[in-house]
Amino acid sequence: MASNKGSGFVTTMVCVTCGAEQFFDAQVPDSLICPKCHSTVFRQFMTPTARDDATIAQLEEEARSIEYGDSSPDTSADDVRDLES
């Protein structure tokens, strides 16, 4: 995995079994084991290291644009009527 150092993010590894979190600002070890339940199954997330209001607002805006994209519909009622005829 690539290094996150200096990018403003850390890699957060969350144990699927118990929910324990481990944070890495460099490369995640290949053989990661949960210190609580000893599971080896994790989900990976990128977590911002900066917690100021401006950064949080920017990340929330980016998340909204990624999740929902353009709010205009791809088809109109006229398009559907044309297909039905």
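Colleague: What is A20 in contact with, leaving aside its neighbours within four places in sequence?
Modeller: In this predicted model, A20 is in contact with M13, V14, C15, C34 and K36. Contact means heavy atoms within 4.5 Å.

Colleague: What do the numbering and the values rest on?
Modeller: Residues are numbered from 1 along each chain as its sequence is written. Local features need pLDDT of at least 70 and side-chain atom pairs count only at pLDDT 80 or more, while totals for chains, interfaces and linings use all residues, and side-chain values use heavy atoms, with hydrogens and water left out.

Colleague: Why is F42 called buried?
Modeller: Buried means under 20% relative accessible area, exposed over 50%, and partly exposed in between, with a 1.4 Å probe and protein chains only. F42 has 16% relative accessibility, so F42 counts as buried.

Colleague: Which residues surround F42, and where does F42 lie?
Modeller: F42 lies in strand β3. Strands are DSSP runs of E with at least two residues, helices are runs of H or I with at least four, and both are numbered from the N terminus. Leaving aside neighbours within four places in sequence, the contacts of F42 are M13, V14, C15, V16, Q22, L32, I33 and C34. F42 and M13 are 29 residues apart along the chain, yet their C-alpha atoms are separated by 5.9 Å.

Colleague: What makes a set of residues that includes M13, A20 and F42 a nonpolar core?
Modeller: A nonpolar core is a set of buried Ala, Val, Leu, Ile, Met, Phe, Trp, Tyr and Cys residues joined through side-chain atoms within 4.5 Å. The largest such core has 8 residues: M13, C15, A20, F24, V28, L32, C34 and F42.

Colleague: How do you know that β1 pairs with β3?
Modeller: Two strands pair if DSSP finds at least two bridges between them. β1 and strand β3 (residues 42-48) have 7 bridges in the antiparallel sense, so by that definition they pair. Among the partners, F9 is bridged to P48, and V10 stands opposite T47.

Colleague: How many bridges join β1 to β2?
Modeller: β1 and strand β2 (residues 21-24) pair over 4 bridges, again in the antiparallel sense. T12 has F23 as its bridge partner, and M13 has Q22. The hairpin of these strands has 5 residues between them, and G19 there takes a positive phi near 85 degrees.

Colleague: What is the order of the strands, and which are the edge strands?
Modeller: The open sheet of 3 strands runs β2-β1-β3, with antiparallel pairing. β2 and β3 are the edge strands, because each pairs on one side only. The twist averages 25 degrees from one strand to the next; axes are lines fitted to C-alpha atoms, and angles run from 0 to 180 degrees between N-to-C directions.

Colleague: What pattern does the protein follow along the sequence?
Modeller: The pattern is β-β-β-α-α, from 2 helices and 3 strands. Of the 85 residues, 20% count as buried.
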